[in-house]
Amino acid sequence: PTKLETLCFRGCQTYKFQMAFMNVKELDVSRLPVGETPYQDILLHKTLKSLSVNSINETAVTWQTVDKPPDGWGKYLQCLRRAMPDLEELSLAYQADIRDEDMADYFKVAPNCRLNGLNVSNIPSIGMQTIEAMAKAGCEMKFLGLRACGAMTNQAFRLISFARMEFADFSNTQISSDGLYDALAKNATKLKMINLASCPNV
C-alpha cells in the first residue's frame with residue numbers, strides 16, 4: 001500500500017515495523033499490552049508527522065503496569081527527536097514515568113523544532129523545565145494538553161506562547177485566575193477552546 005499515510009494500532013496486541021509502512025505520516029501505537037510497545041520500531045519511522053504513544057493505563061487506578069523504553073524516557077526522547085526532525089504532533093499522555101527533565105531534553109537535543117501539538121496530560125512531573133525548553137526552542141503550539149500536570153505553576157503557564165494556540169487543555173491543574181489572565185493576555189487571538197475543568201484556583 002504505497003499511498004498509506006495513517007496507521008492506528010491503538011489497543012492491539014502488538015506492532016511490528018514493515019517496509020510498506022516506511023512513509024506513513026501518522027502512527028498511533030497507544031494502549032498496547034505491557035511489554036509490547038514497539039519503541040525501537042517507532043524510531044524507524046523517519047517521516048512521521050504525528051505520533052501517539054499514550055499509556056495503556058488511561059483508566060487505571062495505579063501506574064504500576066505502565067510500559068516504558070528499556071533505557072528510560074530521557075534517552076529515548078532524545079533519540080525520537082533526532083530520528084523524526086519533522087514531527088509536528090506528539091502525544092505521550094499517561095506515561096507517568098516521564099520526568100520533567102526528560103521532556104525538556106526532547107526540545108534541547110536538536111535545533112529547529114517543528115512540533116506544534118503536544119499532549120503530556122496526566123504526567124505529574126511535567127512543569128517549568130519542559131515549558132522553558134519549549135519556549136527556548138521557539139515552539140508555538142496549536143494544541144497543548146497539560147491536563148493533571150501537577151507540577152505546572154502559574155510561572156510556567158506564563159511562559160507558554162499563545163500566538164498560534166487553538167486548543168488548550170489545562171484541566172485539573174493548579175493554574176489560578178491571575179495566572180490564566182496573564183497567560184491569555186499574550187496575543188491569544190487564535191484560541192478556539194480552553195479546558196479549565198476541575199481547576200480549583202480558577
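Modeller: Let's start with a definition: two cysteine sulfur atoms count as a disulfide when they lie within 2.5 Å. Our structure is a predicted model, where local features need pLDDT of at least 70 and side-chain atom pairs count only at pLDDT 80 or more, while totals for chains, interfaces and linings use all residues. Residues are numbered from 1 along each chain as its sequence is written, and side-chain values use heavy atoms, with hydrogens and water left out.

Biologist: How many disulfides does a search of the whole structure find?

Modeller: The search finds zero. The sulfur of Cys113 has its closest cysteine sulfur in Cys139, 3.0 Å away, and that is too far for a bond.

Biologist: Is Cys113 buried or exposed?

Modeller: Buried means under 20% relative accessible area, exposed means over 50%, and partly exposed lies in between, using a 1.4 Å probe and protein chains only. Cys113 has a relative accessible area of 13%, so it is buried. Cys139 is buried too, at 7%.

Biologist: At what angle do helix α3 and helix α4 pack?

Modeller: Helices are DSSP runs of H or I with at least four residues, strands are runs of E with at least two, and both are numbered from the N terminus. Helix α3 (residues 100–108) and helix α4 (residues 128–136) pack at about 5°, with axes 7 Å apart. So α3 is roughly parallel to α4 (under 35 degrees is roughly parallel, over 145 roughly antiparallel, 65 to 115 roughly perpendicular, and the rest oblique).

Biologist: Which residues of α3 and α4 make the contact?

Modeller: Contact means heavy atoms within 4.5 Å. From α3 come Asp100, Glu101, Met103, Ala104, Phe107 and Lys108, and from α4 come Met128, Gln129, Thr130, Ala133 and Met134.

Biologist: Which residues have the most contacts inside the largest nonpolar core?

Modeller: In soluble globular proteins, nonpolar side chains tend to be buried together. A nonpolar core is a set of buried Ala, Val, Leu, Ile, Met, Phe, Trp, Tyr and Cys residues joined through side-chain atoms within 4.5 Å. Here the largest one has 55 residues, and Met103 and Phe107 have the most contacts inside it. Helix α2 (73–83) is among the elements giving two or more residues, and its five residues are the largest share.

Biologist: Which residues does Phe107 contact, leaving aside its neighbours within four places in sequence?

Modeller: Among them are Cys113 and Cys139, along with Thr130, Ala133 and Met134.

Note on methods: Axes fitted to C-alpha atoms, helices over the stretch in contact; angles between N-to-C directions.
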